[in-house]
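Time to open the notebook on a new model.

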Amino acid sequence: MKCKNCGANYRAKEEKCPYCGTANPRGLRWKQEKQTAEAEYARVSSEEAPLLRLRAANRVLNRVLIAEAALFALAFLGVTAAFFLTDAAHKAGNRLNETKIEAEIETLYASEQFGALYEMMDKKDLFGQEHYEASQMVLLYSQYERFEEARLNLFRAAEEDDVDEDDITWLIGRMNDVLNADIPAYPELTERNRAHVEAYCADVLAFAEAMLGMTQEERAVLQQDYIPMDEENTLAAAVLERRAWE
């Protein structure tokens, strides 16, 4: 870009002109966006770490159960029976502690600890219509979390001057997920969840305009219920060619 003061050319990510020292608003915005994305990703990652360990443990357990089912049919039947008994006892325990569980869900929701809320609901098998708002919210949050990760990956790739079309295509897909807020099991947004979704969407659209340089027409494509592959490829190519982050 060209310095408005001295006319020198330099990288748009610089915070000031290296020749005359004039401040560069775009460079300052880049630094602020990158720091914000890194901080949010670190926060989300710290919340999600226990959940990731739980998911990994569940995958290992599932493989063990499948192997036992193939080799020991009778043992499998015993484990299945024990599982149903445990599940029934678990649900009975949830009913007995319903007030406590509802209070814990509300506390985590109110403090926007959606990663911890997901872990708690998954552990206690609370997903469903009975906890509609919380179930919907943690799944919406998971979509926003994937956008945060894709955005941070772009910042990191841009620092290495190694952004490719696959990076942009993946990012566009995650942005479209957030903007559509489509959770088939919980299709109607609650009032509180809508407020969070609106904030997430505002963040995505501001990023699309400021860091990807998307035009109003391109942002309209981004907000479609479904982006056809040819339109997604065209949009990704335009963003990559423009390289507004530089």
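Which residue forms a salt bridge with Arg 151, and how far apart are the closest N and O atoms? I looked it up: the partner is Glu 148, and the closest N and O atoms are 3.1 Å apart. For the record, a salt bridge here is a side-chain nitrogen of Lys or Arg within 4 Å of a carboxyl oxygen of Asp or Glu.

**Ground rules**

I am working with a predicted model, where local features need pLDDT of at least 70, side-chain atom pairs count only at pLDDT 80 or more, and totals for chains, interfaces and linings use all residues. Residues are numbered from 1 along each chain as its sequence is written, and side-chain values use heavy atoms, with hydrogens and water left out.

**Entry: the overall fold**

I counted secondary structure next and found 9 helices and 0 strands. Helices (H or I, at least four residues) and strands (E, at least two) are DSSP runs, numbered from the N terminus. Along the sequence the pattern reads α-α-α-α-α-α-α-α-α. The chain has 246 residues, and 37% of them count as buried. My cut-offs are under 20% relative accessible area for buried, over 50% for exposed and partly exposed in between, with a 1.4 Å probe and protein chains only.

**Entry: back to Arg 151**

I went back to the pair in helix α5. Arg 151 and Glu 148 are 3 residues apart there, which means that about one helical turn separates them. Are the two buried or exposed? Arg 151 is buried because its relative accessible area is 3%, and Glu 148 is buried too, at 2%.

Arg 151 has another partner on my list: Asp 203 forms a salt bridge with Arg 151, with the closest N and O atoms 3.1 Å apart. Asp 203 sits in helix α7 (residues 191-210) and Arg 151 in helix α5, so this pair ties together parts that are 52 residues apart in sequence. Asp 203 is partly exposed, with a relative accessible area of 23%.

**Entry: Arg 243 and Asp 161**

I then followed Arg 243, which forms a salt bridge with Asp 161; their closest N and O atoms are 3.2 Å apart. Arg 243 belongs to the segment after α9 (229-242) and Asp 161 to the loop between α5 and α6, so the pair ties together parts that are 82 residues apart in sequence. At 21% relative accessibility, Arg 243 is partly exposed, whereas Asp 161 is exposed at 53%.

I also noted a network, in which salt bridges that share partners join Glu 106, Glu 133 and Arg 192. The structure holds 9 salt bridges.

While at Asp 161, I checked its distance to Glu 246. The two are 9.2 Å apart in space, C-alpha to C-alpha, and 85 residues apart in sequence.

**Entry: a negative patch**

Which residues form the negative surface patch? I found Glu 159, Glu 160, Asp 162, Asp 164, Glu 165 and Asp 166. Patches are made of residues with over 30% relative accessible area and no salt bridge, like charges being joined within 9 Å and nonpolar side chains (Val, Leu, Ile, Met, Phe, Trp, Tyr) within 5 Å. Asp 162 counts as exposed because its relative accessibility is 53%.

**Entry: Ser 135**

I returned to helix α5 for Ser 135. This residue is buried, with a relative accessible area of 0%. A polar atom of the Ser 135 side chain lies 2.8 Å from the backbone oxygen of His 131.

**Entry: positive phi**

Last, I looked for positive phi values in residues other than glycine. Where does Asp 125 lie? I placed Asp 125 in the loop between α4 (114-123) and α5, and its phi is near 55 degrees, a positive value in a residue other than glycine. Asp 125 is partly exposed, at 41% relative accessibility. Arg 243 turned up again here, with a positive phi near 45 degrees.

Terms used: Accessible areas come from the Shrake-Rupley method with a 1.4 Å probe; for residues, only the protein chains shown count as cover. Lys and Arg count as positive and Asp and Glu as negative; His and the chain ends are not counted. The place of a charge is taken as NZ of Lys, CZ of Arg, CG of Asp or CD of Glu. A polar contact is a pair of N or O atoms within 3.5 Å; within protein, one must be able to donate a hydrogen and the other to accept it, and residues adjacent in sequence count only if both atoms are side-chain atoms.
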